[in-house]
Amino acid sequence: MKSVRPLIRPLVQRLEAYVPGEQPKVQGLIKLNTNENPYPPSPAVLRAVKAGVDARLRLYPNPTSDPLRRRLARLHHCEPRNIVVGNGSDELLALATRAFVEPLPDGRASHARLPHASKVQFFTPSYSLYPVLADIHSAGRAPVPLGPDFGFPTAGGSGRGGRRTAGALDPDAALTFVTTPNAPTGRGYSMRELDALCRSLRGVVVLDEAYVDFADEHALSLALKYPHVLVTRTFSKAYALCFQRVGYAVGHPDLIAALHKIKDSYNVNGLGQLAALATLDDLPYYRASFQRVRATRARLCAALCDLGFEVFPSQANFLLARPPGLPAERWLHELRKRKILVRWFSSPSLRDYLRISVGSETETDALLDAARAIRTLGEKGAGRCGGSRAGRGKA
Ligand SMILES: Cc1ncc(COP(=O)(O)O)c(C=O)c1O
């Protein structure tokens, strides 16, 4: 048979896929590369999932996760029609792109002047899935560089109601993704900053709160206050359910109905729905787990600073750190030799850094032992903690 390549759409042929963090096939590695929770789901959640493995497996699950939506609505003091549940929050980010952004008419994702309706806007650096979602949909990527210390840029144009927008933000972009707290930087944004940002934009704004349970503040109320704002959350990180793939979005019923209209019929698997429901019945267990992660984050931040790392204050369950002595990519390999996986990004603004997930106490000890050994390989660099770009801060 001749090549089947011509059968694949040119857009898909050109596409550079999202690269997930490595999921190792060998045993015994310490995984600090994909921001999973070091602590397991609560015993009650494990019991609920096991109890769900019975003859029901033959049946389709609830197509719109209604019991879970009702439970989430109670938690967030809103109505079930304010909530859509997804196969992880990634699915909801993809659905938002498909529901709110027009593909470019000629199918080319690189226009000099992008029409507002085809713009997927996001800050850089932030979650590297957003540009891929724009590409898949044949929409336009509109990256906006963050300011110093990864804060929102200040100078700007004229937005909603004459308010000024941040930096080069387009107030009329069809869709703006904001990761808060940000990934991979860990930087948190205040409610006041996020409120001002949302007010300055006229297109749909998605506040991606994947890591918010580890932060001091959240902005869920903005999804109930402004009709053009959605907040996405996930059970993956703070609730230790990556394996089950459950996330949700909160927002205006019309936006939520649009996402419901285009989702797959049975997008969330039945065991995932059971696991998420049981999680919401056991929140005190998880609050204790967030506190442990936050305490370890503070210890790790301080210890890395003492070893000469430049560490950014983090509101998430990971730290962005510039290692001393050797290039960050070399650190990645040296850590891997010692069976520790962390994440390194090749983009110019991040290539000097490692993103390190906060692990258990034992994993943290192992990481610090390895870091002490690797540091002796390179020339000893002095730490820059407490400086203007990074500090011990509130980790
Ligand atoms: C910023 C951000 N948003 C969303 C997600 C997706 O999470 P999930 O699809 O597991 O809910 C991730 C996963 O790494 C993330 O880092």
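User: How far apart are the centres of domain 1 and domain 2?
Analyst: The centres are 23 Å apart, taken over C-alpha atoms. This is a predicted model: local features need pLDDT of at least 70, side-chain atom pairs count only at pLDDT 80 or more, and totals for chains, interfaces and linings use all residues. Residues are numbered from 1 along each chain as its sequence is written, and side-chain values use heavy atoms, with hydrogens and water left out.

User: What makes 5–31 + 284–375 domain 1 and 43–282 domain 2?
Analyst: The bounds come from an automatic or database domain assignment. That gives these two domains.

User: How many residues of domain 1 and domain 2 are in the contact?
Analyst: Contact means heavy atoms within 4.5 Å. Domain 1 brings 25 residues and domain 2 brings 32 residues.

User: What is the area buried between domain 1 and domain 2?
Analyst: Buried area is the accessible area (1.4 Å probe) that two parts lose on being put together, summed over both. Here that is about 2500 Å², with 63% from carbon and sulfur atoms. Tyr18, Tyr286 and Gln315 supply 28% of the area that domain 1 buries against domain 2, more than any other three residues.

User: Why is the pair Asp216 and Arg294 called a salt bridge?
Analyst: The rule asks for a side-chain nitrogen of Lys or Arg within 4 Å of a carboxyl oxygen of Asp or Glu. The side chains of Asp216 and Arg294 meet at 2.8 Å, N to O, so the pair qualifies. Across the interface of domain 1 and domain 2, the rule finds 1 salt bridge.
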